[in-house]
Amino acid sequence: MSYSSWFQEHGKKHQKIMAKLTHLNSDEVIAYFRFENMVKSEPDFCPLYKKNKKCHDIDNLNCYLCACPNFRFNDNGFKKIEDKTLYSKCSIDSKDGSKYIGDDAIHQNCAGCLVPHHEKYIKKRFSRDWFEIMREVSP
Ligand code: SF4
């Protein structure tokens with residue numbers, strides 16, 4: 001699956017959930033997106049939910065800002081770095097991010113980074129419109 005198709009599909013799933021939560025205030029919406037509730041209430045939001053597995057093994061994992069407003073992707077590649085194409089990167093160069101370097105491609109690896117999963121950060125960036133928060137992610 002390309003980054004674009006995942007991004008569009010995930011944003012639509014987010015919109016569908018938000019359409020059900022108009023009676024909740026911002027803090028309640030954020031609380032709804034806690035992993036423990038999402039696994040039970042929105043099993044189709046993330047493929048890991050069916051295995052009751054977290055993408056990051058931490059307490060208080062919040063899924064509201066999956067993916068991450070700092071992620072940048074381009075399915076056609078941003079540029080060539082030697083003989084490899086750079087397809088994604090982190091706009092803030094998070095110290096906890098890294099890169100997958102394949103034979104001909106480089107991708108951002110966010111496995112070690114918790115930036116978008118903390119509620120303090122989510123509150124700072126909060127909008128009920130996921131696509132608005134993610135507006136700089138895709139080209
Ligand atoms: S490394 Fe962290 S801050 Fe950067 S894009 Fe990935 S999750 Fe976001």
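These are my notebook entries on a predicted model of one chain.

**Ground rules**

I number residues from 1 along each chain as its sequence is written. Because the model is predicted, I take local features only at pLDDT of at least 70 and side-chain atom pairs only at pLDDT 80 or more, while totals for chains, interfaces and linings use all residues.

**Entry 1: overall layout**

I looked up the secondary structure and found five helices and six strands. Helices here are DSSP runs of H or I with at least four residues, strands are runs of E with at least two, and both are numbered from the N terminus. Read along the sequence, the order is α-α-α-β-β-β-β-β-β-α-α. The radius of gyration is 16 Å, close to the 14 Å from the globule rule for 139 residues, so the chain is as compact as a globular protein of that length. That radius is taken over C-alpha atoms, and the rule is 2.2 Å times the number of residues to the power 0.38. I also noted the box filled by the C-alpha atoms, roughly 50 × 30 × 25 Å along the principal axes.

**Entry 2: burial and contacts**

I found that 19% of the 139 residues count as buried. A residue is buried if 20 or more other C-beta atoms lie within 10 Å of its own, exposed if 12 or fewer, and partly exposed in between, with C-beta atoms placed from the backbone. For contacts, I used C-beta atoms, placed from the backbone, that lie within 7 Å. Among contacts between residues at least 6 apart in sequence, 48% join residues at least 24 apart.

**Entry 3: the largest nonpolar core**

Which residues touch the most other members of the largest nonpolar core? I found Cys 63, Tyr 64, Leu 65 and Phe 71, in a core of 18 residues. Helix 3 (35–41), strand 1 (71–73) and helix 5 (130–133) each give two or more residues to this core. Such a core is a set of buried Ala, Val, Leu, Ile, Met, Phe, Trp, Tyr and Cys residues joined through C-beta atoms within 7 Å. In soluble globular proteins, nonpolar side chains tend to be buried together. I then listed what Tyr 64 touches, leaving out residues up to four places away in sequence: Ile 30, Phe 33 and Ile 122.

I found a cis peptide bond between Cys 66 and Ala 67, with omega about 15 degrees. Cys 66 is in the loop between helix 3 and strand 1, and Ala 67 is in the loop between helix 3 and strand 1 as well. Cys 66 is partly exposed, with 18 other C-beta atoms within 10 Å.

Asn 52 has a positive phi, near 55 degrees, though it is not glycine. I placed Asn 52 in the loop between helix 3 and strand 1. Is Asn 52 buried or exposed? Asn 52 counts as exposed, because it has 11 C-beta neighbours inside 10 Å.

Asp 93, another residue other than glycine, has a positive phi near 45 degrees. Asp 93 sits in the loop between strand 4 (88–90) and strand 5 (98–101). With 8 other C-beta atoms within 10 Å, Asp 93 is exposed.

**Entry 4: strands**

I checked strand 5 and strand 6 (residues 105–109), which pair in the antiparallel sense over four bridges. Two strands pair if DSSP finds at least two bridges between them. A hairpin of three residues joins strand 5 to strand 6. Ser 98 has Asn 109 of strand 6 as its bridge partner.

Lys 89 is in strand 4 and is partly exposed, with 18 other C-beta atoms within 10 Å. Which residues does Lys 89 contact, leaving aside neighbours within four places in sequence? I found Arg 72, Phe 78 and Gln 108. The C-alpha atoms of Lys 89 and Arg 72 are separated by 5.3 Å, with the two residues 17 apart along the chain.

Technical notes
Two residues are in contact if their C-beta atoms, placed from the backbone, lie within 7 Å.
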